[in-house]
Amino acid sequence: MADGKMMIETFRLTKMFKDFTAVDNVDLYVKEGEIYGLLGPNGAGKSTIIRMLTTLSRPTRGTARVAGYDIIREAEKVRGSVGMVSEKMIMYDRLTAYENLRLFGKLYNVPRKDLDDRISDLLKIVGMTKWSDTQIGKFSTGMKQRINVIRSLISMPRIVFMDEPTLGLDPQSTAEIRNFIKKLNEKDNLTIVLTTHIMNEADLLCHRIGLIDGGKIARTGAPTELKSSITDRGHTLVELDIMDAPHDAAEGFLSLEGVTSAAQKENIVKVIMSKENGFQNILDASSRMGLRLRNANVSQPTLEDVFLHYTGKAMVDQVKNRVPMAGHGPHRRSNSRTR
Ligand SMILES: Nc1ncnc2c1ncn2[C@@H]1O[C@H](COP(=O)(O)OP(=O)(O)OP(=O)(O)O)[C@@H](O)[C@H]1O
Ligand SMILES: [Mg+2]
């Protein structure tokens with residue numbers, strides 16, 4: 001997987017809407033067989049990147065190669081190589097699952113003799129065989145999304161783009177869709193690019209992640225690499241649970257020797273500090289600041305900590321619907337400084 005062919009490579013990919021830069025000089029690559037996740041809050045530019053890579057939107061500057069083709073000069077060839085699971089499902093409620101898939105196959109000129117086999121294989125993968133002749137309108141959101149996902153595979157693309165594939169699904173459907181994504185990737189070594197703003201989704205599914213914020217890639221790497229990157233060079237993450245924490249509790253730690261970042265979410269403050277400066281310093285500082293500690297321990301960084309560290313922003317996890325994200329939410333109390 002890691003030594004695979006280059007399937008996507010972007011070159012200072014940029015998209016502006018009037019004078020607003022939605023995607024800002026993005027350089028990323030995805031190799032064959034990888035599941036690559038674009039992880040970032042609402043408005044970060046994830047969908048815009050995907051729209052450019054699938055030729056639905058033209059870059060303002062820069063370009064990319066997708067499946068070996070230039071997205072501007074060889075757009076037609078790119079379209080022939082990719083599948084797309086878009087945020088909005090465009091399917092016909094009055095047609096059955098089978099009919100919807102067949103319609104799509106025809107649209108993509110899948111040879112007639114292959115189409116039926118392909119549809120039944122795909123229905124089998126997502127456990128929907130027995131629903132083949134049922135109208136889509138009668139399906140739950142989770143069932144519809146399974147059809148929506150396999151629909152992107154009808155044309156046998158080499159790369160599939162999935163924009164928030166689990167958005168708005170209940171926990172069980174979410175788990176199922178994640179399983180199918182894994183299965184599809186493993187079965188055919190399919191390259192998958194997905195967007196999400198759910199930390200543990202990216203952590204669970206993706207071989208590599210691009211953290212994106214304000215149109216820029218803040219950091220890329222495997223989930224484990226990203227997590228260890230914030231505590232490398234002799235640093236450690238200390239998690240403090242503070243009783244009735246004042247909203248500026250994190251700030252007090254930032255001025256301490258050896259502290260590289262401190263972030264707060266309600267009563268939890270996470271401090272990244274050099275090991276040699278010692279746990280005891282943190283405890284002493286807490287008591288100097290008059291903070292009442294309920295608990296303090298060294299903990300393993302999560303992707304959320306990573307995001308906070310590199311962007312200075314908290315990302316709300318497990319957001320079901322479009323609620324205000326970092327910086328706008330009522331609970332945002334975080335401060336972060338990066339090395
Ligand atoms: N057609 C457009 N015209 C003007 N602005 C746009 C357009 N499309 C996107 N934007 C803006 O570009 C920024 C990035 O949008 P984008 O949809 O790519 O974000 P996203 O990361 O997919 O967010 P979400 O998690 O909400 O889907 C946003 O500020 C958005 O308002
Ligand atoms: Mg989006």
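Author: Domain bounds here come from an automatic or database domain assignment. The model is predicted, and the assignment gives domain 1 (1-81 + 157-226), domain 2 (91-155) and domain 3 (230-311). The C-alpha centres of domain 1 and domain 3 lie 33 Å apart.

Reader: How do you know which residues of domain 1 and domain 3 are in contact?

Author: Contact requires heavy atoms within 4.5 Å. By that criterion, 14 residues of domain 1 are in contact with seven residues of domain 3.

Reader: What makes up the area that domain 1 and domain 3 bury between them?

Author: Buried area is the accessible area that two parts lose on being put together, summed over both. For domain 1 and domain 3 this comes to about 860 Å², with 77% of it on carbon and sulfur atoms. On the side of domain 1, Met-199, Leu-211 and Leu-226 lose the most area to domain 3, together 52% of what that side buries.

Reader: Which elements give two or more residues to the side of domain 1 that touches domain 3?

Author: They are α7 (199-205), β10 (208-213), β11 (216-221) and α8 (223-229). The largest share, four residues, comes from β10. By class, this side has 10 nonpolar, one polar and three charged residues.

Definitions and conventions. Residues numbered from 1 in each chain as written. Chains lettered and ligands numbered in written order. Predicted model: local features only at pLDDT ≥ 70, side-chain atom pairs only at ≥ 80, totals over all residues. Heavy atoms only, no water. Buried area = accessible area lost by both parts, 1.4 Å probe. Nonpolar A, V, L, I, M, F, W, Y, C, P; charged D, E, K, R; others polar.
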